[in-house]
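Trainee: I'm about to look at this one for the very first time. Could you walk me through it, question by question?

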Amino acid sequence: MTSQRLTTGALLRYIRGNTTEKANLQVVGIKPIESKTDDPSGSAKRYRLMLSDGKSTFSSCMLGTQMNKLIETNTLKENSIIRIDRVMVNSIDKQNGRVMLMLYEIEVIESDFERIGDPVALPLTDIINSGPNANRLEAATNNPPAASAAAPTTNVIRQGAKALPTLDDRKKPNGDNRAAAKGANVIDKERIINIDTLNPYMNKWTIKARISNKCPIRTYENARGPGKLFNCDLVDKSGEIRATGFNAECDRLYSMLEIGEVYYITKASLKAANRQYNTTNSDYEMTFNHDTIIEACDVGEGENIPQVQYNFISISEIANRAANSVCDVIGVVKSTSDMQTIVSKASQKEFSKRDILLVDEKASISTTLWGQQAEEFDGSSHPVIAFKGIKIGDFNGRTLSVTNSTLTRQDPTETERTVELRVWFDNEGKLMDLPDLSKAGEAGNRPTVMKTLSQVIADGIGLGDKPDYVSVKAVVTLIKKDSAVYMMCPEGKCGKKIVDENNGTYRCEKCNKTYNSFKWAYMISAEISDTTGAQWVTIFRNEAETLLGVSAEEFGNHKLNQAESIVDEIISKAINHELIFKLRAKAEQYNDERKIRFTCVSITEIDWPAHGRRLLNEINQMEPVQN
């Protein structure tokens with residue numbers, strides 16, 4: 001293999017500002033860097049790469065934190081061949097050759113490869129002389145006009161339509177450094193950059209942004225003692241970013257910042273975004289500090305800045321998101337519950353709550369409103385509601401709950417989805433019976449991945465703190481018929497096993513009552529198998545009826561009447577019939593041993609055309625075998 005596999009000269013072209021090129025490069029070094037921060041929210045590991053284009057190497061390449069998983073899963077390592085899909089250049093100190101390439105999106109073409117070529121470090125003179133006119137100068141004669149070689153008079157490198165600030169603040173010979181002339185505490189309004197160009201390696205920048213949301217002040221306590229904080233979302237036409245103020249900055253800035261207003265902001269800290277709590281589309285988040293300067297814009301200055309930026313996911317996708325994470329979602333209010341008052345177990349305080357059923361074209365989900373919002377909400381007109389930063393819960397399925405930092409907008413005009421959902425609901429949505437993610441009984445409606453039984457074990461399905469859901473195509477090979485049904489408490493809401501008193505009465509220990517009758521209920525222990533292995537699963541009620549084709553009452557009566565031939569016939573019909581089993585996998589503790597319990601939540605016949613299309617899609621996604 002020759003160096004032609006790599007995109008020779010790409011590193012220098014990137015540094016010169018040609019960041020649209022999708023170059024193939026080789027990773028020749030990886031160095032972990034722990035970022036440090038004084039706020040209590042933690043820090044994320046960063047990785048610095050040395051890249052080679054076959055001719056030159058460059059060691060100041062920072063991997064975006066969203067790409068960390070490539071290293072953590074050992075997909076990206078030394079000598080890997082990668083393609084650069086999105087890169088930005090950050091000129092920290094161009095005069096001294098301090099330039100950083102920010103790698104936001106890369107694709108690993110080959111994880112394991114031999115070292116290509118004999119590259120040498122990119123000369124410092126090439127980096128220093130790689131200003132915005134470098135591409136023109138390279139093609140010029142050896143004695144270009146003095147004007148062409150002169151240093152640019154602006155502090156901005158142009159990258160397409162975006163302005164990337166350099167941090168080269170060299171003093172001009174005549175002393176006309178504008179930032180210095182204006183004083184250290186004055187915002188340079190001629191140096192405005194877009195939010196989507198911000199990164200932690202910039203020293204001087206100013207943004208012009210609108211406050212799209214601001215949460216109330218919260219308190220916390222850590223090893224350093226008690227504290228308080230607030231956060232707000234900043235938005236401009238390029239994107240959005242979350243900003244947080246702690247303690248003194250909380251006191252100084254909270255009352256100053258108003259939702260909907262536009263401000264100039266400079267001198268704040270930046271770090272990698274915490275995706276568990278931050279749904280903005282920025283790779284970073286901002287922390288206000290004692291140097292931060294904020295100045296309100298004049299009336300009319302921010303007319304071209306949007307009110308809010310959403311990153312909507314569909315309601316059905318919520319089933320695949322982690323509990324306690326946050327998301328942006330939009331839907332129509334199909335129904336509204338009465339307002340309730342609950343008492344907190346921890347504080348013994350009363351809270352008002354109201355549940356609404358939020359729907360879109362594919363699914364529905366229960367959503368809880370709290371406090372004054374719950375008391376004042378009127379869903380009689382079936383409004384479209386957008387939530388930004390709403391919390392996902394997992395009680396009895398998936399639920400949504402508004403928090404102090406959630407931005408709620410009714411019939412929002414900022415998104416085209418409002419009109420789309422309004423038309424859909426009025427024409428057909430209000431009559432549709434959609435899967436409800438909030439009902440545990442409808443867990444079978446959750447989107448699941450299809451795996452073989454060996455993959456289920458190999459992938460550690462069910463080993464996490466929360467249950468996992470997976471689908472398998474398998475046959476039942478064995479059913480324990482003696483324990484397939486049990487005597488259940490006749491009280492509809494109980495469902496517990498009762499004790500036969502052998503005198504015509506039956507006692508329920510949970511209800512602490514004795515009854516003259518009971519109900520039969522399924523609790524089948526069955527072995528399912530495919531070509532890769534076998535697994536014991538538990539099958540209850542509706543799913544058991546689907547499998548055996550008779551009700552629990554019928555099966556139990558045959559067993560009670562000792563009609564063994566009928567019971568055997570029912571079970572034999574259920575065995576060796578290929579079906580799709582959707583399983584809930586959850587780790588449980590048995591006699592100090594941790595085991596995975598598999599419970600069947602849905603059994604369906606195989607849709608062979610759909611199954612064939614899925615197989616074809618998987619085949620098409622496989623990488624071709626290289627000779």
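Trainee: Leaving aside neighbours within four places in sequence, which residues is Leu70 in contact with?

Mentor: Before that, a word on ground rules: this is a predicted model, where local features need pLDDT of at least 70 and side-chain atom pairs count only at pLDDT 80 or more, while totals for chains, interfaces and linings use all residues. Residues are numbered from 1 along each chain as its sequence is written, and side-chain values use heavy atoms, with hydrogens and water left out. Contact means heavy atoms within 4.5 Å. With neighbours within four places set aside, Leu70 is in contact with Thr75, Leu76, Ile106 and Val108.

Trainee: Where is Leu70 found, and is it buried or exposed?

Mentor: Helices (H or I, at least four residues) and strands (E, at least two) are DSSP runs, numbered from the N terminus, and Leu70 is found in helix H2, residues 68-72. Buried means under 20% relative accessible area, exposed over 50%, and partly exposed in between, with a 1.4 Å probe and protein chains only. Leu70 has a relative accessible area of 16%, so it counts as buried.

Trainee: How far apart in space are Leu70 and Ser111?

Mentor: In sequence, Leu70 and Ser111 are 41 residues apart. Going from C-alpha to C-alpha, the distance between Leu70 and Ser111 is 9.9 Å.

Trainee: Let's zoom out. What share of the protein's residues is buried?

Mentor: The protein has 14 helices and 33 strands. Out of its 627 residues, the buried share is 45%.

Trainee: And of the contacts with a separation of 6 or more, what share comes from residues 24 or more positions apart?

Mentor: Here we look at contacts in the protein with a separation of 6 or more. Residues 24 or more positions apart account for 63%.

Trainee: Back to the details. Which residues of helix H11 are buried?

Mentor: Helix H11 covers residues 541-548, and its buried residues are Glu543, Ala544, Leu547 and Leu548. They sit on the same side of H11, because they cover an arc of only 125° around the axis, the arc being that of the directions from the helix axis to the C-beta atoms. On the face turned away from that buried side are the exposed residues Asn542 and Thr546. So the buried names you asked for are Glu543, Ala544, Leu547 and Leu548.

Trainee: How many aromatic pairs does a search of the whole structure find?

Mentor: Rings of Phe, Tyr and Trp (its six-membered ring) pair if their centres lie within 6.5 Å; planes under 30 degrees apart count as stacked, over 60 as edge-to-face and the rest as tilted. A search of the whole structure finds nine.

Trainee: What kind of pair do Tyr104 and Tyr284 form?

Mentor: Tyr104 is in strand S5 (residues 98-110) and Tyr284 in strand S15 (residues 284-288), 180 residues apart, so this pair links distant parts of the chain. Both Tyr104 and Tyr284 are buried. Their centres are 6.3 Å apart with 70° between the planes, which makes the pair edge-to-face.

Trainee: Which ring does Lys480 lie over?

Mentor: A charge sits over a ring if NZ of Lys or CZ of Arg is within 6 Å of the ring centre and within 35 degrees of the ring normal. Arg5 lies over the face of Phe113, at 5.0 Å from the ring centre. Lys480, at 4.9 Å from the ring centre, lies over the face of Trp536.

Trainee: What is the phi of Asn512 near?

Mentor: Most residues other than glycine have a negative phi. Asn512 is in the loop between strand S28 (506-508) and strand S29 (513-515), and it is exposed, with a relative accessible area of 54%. Its phi is positive although the residue is not a glycine, near 60°.
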